[in-house]
Amino acid sequence: MTPRLVFWFAYIATLAVGAIVCLLLLSTARAAERWDTTDKVLGATALAFTVADWAQTRYIAQNPCINAGGGTDCADPYREVGLARRFIGEHPTTGQVDRYFAGAIAVSALAAHYLPSTYRKGFLGGITLIELSVVARNRSIGLRMEF
């Protein structure tokens, strides 16, 4: 199998698993409950930090020779790490970054909307903490936010 074929197979398999998980979440939810103030605040912070991560990842895509120290060295460029790497690769294009984050935000918003309020708080709080730690780490190594 070629690397490109492996990528597309993994991409389609990941989307299929994600769709199954979403269907399971939706099937267990009785109906979307109203969002209280805490839900709205957690949703806004999760979205804000996800957009900040998006901007930092776009900065990496727009500056392919950036390294972890903030300098430019094409011999040792920064590599995408974490969950996003599985979907967009180590050296993503701006288009790949945009599609990934737009999809991640949409799926997260739908899942949060249909989760019962008690689970929604944990879900949105978890996203907020993860994204906050990613943005803080990226900032500490000199990555800027750029759209």
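**Reading ring pairs and salt bridges**

Asp39 is buried, at a relative accessible area of 0% (buried is under 20%, exposed over 50%, partly exposed in between; 1.4 Å probe, protein chains only). This is a predicted model: local features need pLDDT of at least 70, side-chain atom pairs count only at pLDDT 80 or more, and totals for chains, interfaces and linings use all residues. Residues are numbered from 1 along each chain as its sequence is written, and side-chain values use heavy atoms, leaving out hydrogens and water.

Q: Which residues form salt bridges with Asp39?
A: A salt bridge puts a side-chain nitrogen of Lys or Arg within 4 Å of a carboxyl oxygen of Asp or Glu. Arg120 forms one with Asp39, with the closest N and O atoms 2.9 Å apart. Lys121 also meets Asp39, at 2.9 Å, N to O.

Q: Is Arg120 buried or exposed?
A: Arg120 is buried, with a relative accessible area of 0%. Lys121 counts as partly exposed, at 25%.

Q: How is a pair of aromatic rings described, and what is the case for Trp54 and Phe101?
A: The distance of the centres and the angle of the planes describe a pair. Rings of Phe, Tyr and Trp (its six-membered ring) pair if their centres lie within 6.5 Å; planes under 30 degrees apart are stacked, over 60 edge-to-face, the rest tilted. There are two aromatic pairs here. Trp54 and Phe101 are stacked: 6.0 Å centre to centre, 10 degrees between the planes.

Q: What about Tyr100 and Phe101?
A: Their centres are 5.0 Å apart and their planes at 85 degrees, so the pair is edge-to-face. Trp54, Tyr100 and Phe101 form one aromatic cluster.
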